Amino acid sequence: MANSTSDLARLVHAKLEEEKARLFKLKSPWLITSAIPAPNLLVKIFDVVYYTSLKTEEGRPVVTRLCLVNPDKPEDSPPPMPRLSRWHLVPLADRLPLAVPTLVKIAKAADPWTSALTVFFDKSGEPYIWALIDQTVHWNRMLVREGTGYDPPGLMNVVANGVADISVYHGTSFLARLQQDTLVEAQNDVFWHGPVAKRLQGWTRSFRRRIRKRITPHVYDSQVDGEFTFNDLWIGSLCRILINIQRYRHGGAILITSQSEELFPHYKVRYDRLPQHMEQLAVERCRAGEAGELLHAMMENRKRTLPTDTYVEECLADSEIEDLEESLTGTVHFISSLSCVDGLVLMKPDLTVAGYGVEIRARKEVDSVRLSFSPKLSPKTSRLIEANHFGTRHRSMMRYCFSHPSSLGFVVSQDGDTRALMRVGNEIVIWDNLKVRSTWFENWTSSLPQRKKQRPAAAPASQHMSARRHNPLL
């Protein structure tokens, strides 16, 4: 049965109510206190964005992002000390009715990568455009894991991804997507839940052990949320590679395995800069965090003088972090570009690149695969489909993962869809619609109850500031 913008509006309304209740239960400092508009109001915004996405302006598709922002209450939980790079609202002298012709024209001045438009409802429930938002480049970079920043303002934002394709977010958290007439209710967060996450845990455990050895067990164990943030660094780097492959729009694949049988790399390399930089970045973040906490404690105790060595230690670590983050970005882009050659990119479990343009020569065919709609595998959230439903790139990855159960594959289609493949029991399982964009705040708040049980002591004040900026150890 085909879905419509009305179905999207009902789903978004329900998810916002759910998120409002979840944050209240967690006693989060970032509660939703604004009233959530009824579905019949939300659909008015979604209709305009959906039909605008069907239009072209000077031969180019219209792209836009709208944020639902109340002019009388732009945000529920403003930060106490916002940085200069935070967004500002730029009100229009005259409000504009939210209609397709109006949005087509004004969208040219609001490139979604650098700015956005704010909308709200008048007393009769009709939507209007009332301001622009600057500095959105920072939250877009944060969304693709290439920087830090602040969430966009307002209760939600809706973006036109392409023709008849719109997505809705609360901050940077995905709510729903309407692709033509298909409603996507959730993204598969396989990196943190289910069989894929379990496979990754073995690899990230080795990563954490190397960090612990370098910074000493005492310093490692004193890190607030250390295990979570080290895992996020490793997983985030892998996701950044997949995001950049998506941007090429040509398709690509990554195979992570410690084996070499039935693989023929047309270009053999050994590129280990990514694991080296991740490890060093984690170490420097620990150094900076330790020095920062010491200085913070001294200031709270009203110390008149601060140790020069501690201050210098923090400054040097911060400088090294900045250099490593820049280099890490270049490294991720370099690895992603290797996918432009026919064949997959071969990586070891520590994310060292072992080759590219790799051809799979596994011969055992897979007749059927299980398609899972949830990270956690169960009969209720999955179904069997024929393997020939997928193309050559997918089927070759299926053959290899079936023959080598310890491997994990990722395939990016030309349309940008990203899938994970691995063998579970005697079946090949595929997870599509992966959640590869930044979900740091969402995962961080989701794991709060468990972390409170593990660590009853109060977290330092600096943690809350870093959480606001989506970079927990800076």
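Predicted model: local features only at pLDDT ≥ 70, side-chain atom pairs only at ≥ 80, totals over all residues.
The largest nonpolar core holds 54 residues, and F191, W234, I254, L274, M347 and F410 have the most contacts inside it. Helix α7, spanning residues 226-248, supplies the largest share of this core, with 11 residues. As a general background, nonpolar side chains tend to be buried together in soluble globular proteins.

Helix α2 covers residues 39-52. Its 14 residues reach 20 Å from the first C-alpha to the last, close to the 20 Å expected at 1.5 Å a residue. Buried positions in α2 are L42, V43, I45, F46, V48, V49, Y50 and T52.

Turning to the histidine, H170 sits in strand β8, which runs over residues 165-170. H170 counts as buried because its relative accessibility of 17% falls under the 20% cut-off. A polar atom of the H170 side chain lies 2.8 Å from the backbone oxygen of L155. Not counting residues up to four places away in sequence, H170 touches L16, E19, I32, L155, M156 and L175.

As for the cysteines, C239 is buried, with a relative accessibility of 0%, whereas C340 is partly exposed at 41%. A search of the whole structure returns 0 disulfides.

Note on methods
Residues numbered from 1 in each chain as written. Heavy atoms only, no water. Disulfide = S-S within 2.5 Å. Buried < 20%, exposed > 50% of the residue type's maximum accessible area, 1.4 Å probe, protein only. Helix = DSSP H or I, 4+ residues; strand = E, 2+ residues; numbered from the N terminus. Expected span 1.5 Å × (residues − 1). Core = buried A, V, L, I, M, F, W, Y, C linked by side-chain atoms within 4.5 Å. Polar contact = N/O pair within 3.5 Å; in protein donor to acceptor, adjacent residues only side chain to side chain. Contact = heavy atoms within 4.5 Å.
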